[in-house]
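Hello,

Here is the structure I promised to send over. Please have a look before reading my notes below.

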Amino acid sequence: MPQLLVVETSPRGDSSISRHLTRRFVAEWQTAHPDGQIVHRDLMETNLAFVNAPWLQAYFTPPEQHSLEMKAELALSDELVGELLATEHLVIATPVYNYNVPAVLKAWVDHIVRKRITWAWTAAAS
Ligand SMILES: Cc1cc2nc3c(=O)[nH]c(=O)nc-3n(C[C@H](O)[C@H](O)[C@H](O)COP(=O)(O)O)c2cc1C
């Protein structure tokens with residue numbers, strides 16, 4: 001079953017242009033994938049923390065050595081990574097804020113880029 005992950009970032013609710021565009025995209029996607037499954041990840045409701053020292057300590061510790069506290073640090077990141085790895089299609093709806101993506105979207109990127117899980121150096125990249 002095809003899956004679409006929808007990442008929303010605008011704080012403007014029903015007034016949001018990016019959210020309206022996403023709705024139109026999702027409607028088209030559903031027409032093209034009638035048996036598809038849609039997962040919504042609203043970053044305005046996700047309570048994403050910025051990367052800090054305890055998070056980095058957990059990130060750089062091999063998983064088999066994770067303490068309970070380290071597992072807790074990475075729990076949300078694990079959840080977000082799971083959503084990304086499970087999906088075939090991804091749509092990210094975002095405003096432009098000061099010539100960049102909103103901070104919450106950059107925070108999501110920091111949480112989903114996980115060494116040996118979502119990225120790795122390969123021969124082609126070196
Ligand atoms: C704090 C802030 C910064 C913005 N910076 C830019 C910008 O650098 N470039 C731009 O084209 N639009 C900028 N905008 C306009 C938004 O990208 C635009 O209003 C967009 O529709 C907002 O998305 P939304 O309707 O989904 O919330 C900015 C808006 C805000 C509130």
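The buried residues of α3 are Met70, Leu74, Ser77, Leu80, Val81, Glu83 and Leu84. Please keep in mind that this is a predicted model. An α-helix has 3.6 residues a turn, so residues three or four places apart point the same way. The cover over the buried residues of α3 includes strands β1 (3–8), β2 (37–42) and β3 (89–93), along with helices α2 (53–59) and α4 (103–112).

The length of α3 checks out. Its 19 residues (68–86) should span 27 Å at 1.5 Å a residue, and the end C-alpha atoms are 25 Å apart, which agrees. The helix does bend, by about 45° at Leu74.

**The core**

Twelve residues make up the largest nonpolar core: Leu5, Val7, Leu43, Leu48, Leu80, Val81, Leu84, Val104, Leu105, Ala107, Trp108 and Ile112. Helix α4 gives the most, with five. Take Leu84 as an example: beyond its neighbours within four places in sequence, Leu84 contacts Leu5, Leu90, Trp108 and Ile112.

**The ligand**

Which residues are around the ligand? They are Ser10, Arg12, Ser16, Ile17, Ser18, Pro95, Val96, Tyr97, Asn98 and Tyr99. Ser10 places a polar side-chain atom 2.6 Å from a ligand oxygen atom. Ser16 also has a polar side-chain atom 2.6 Å from an oxygen atom of the ligand. With Ile17 the backbone is involved: one of its polar backbone atoms is 2.8 Å from a ligand oxygen atom.

Best wishes

Definitions and conventions:
Residues are numbered from 1 along each chain as its sequence is written. This is a predicted model: local features need pLDDT of at least 70, side-chain atom pairs count only at pLDDT 80 or more; totals for chains, interfaces and linings use all residues. Side-chain values use heavy atoms; hydrogens and water are left out. Helices (H or I, at least four residues) and strands (E, at least two) are DSSP runs, numbered from the N terminus. The expected span of a helix is 1.5 Å times one less than its number of residues. The bend at a residue is the angle between axes fitted to the seven residues ending there and the seven starting there. Buried means under 20% relative accessible area, exposed over 50%, partly exposed in between (1.4 Å probe, protein chains only). Contact means heavy atoms within 4.5 Å. A nonpolar core is a set of buried Ala, Val, Leu, Ile, Met, Phe, Trp, Tyr and Cys residues joined through side-chain atoms within 4.5 Å. A residue is near a molecule or strand if one of its heavy atoms lies within 4 Å of it. A polar contact is a pair of N or O atoms within 3.5 Å; within protein, one must be able to donate a hydrogen and the other to accept it, and residues adjacent in sequence count only if both atoms are side-chain atoms.
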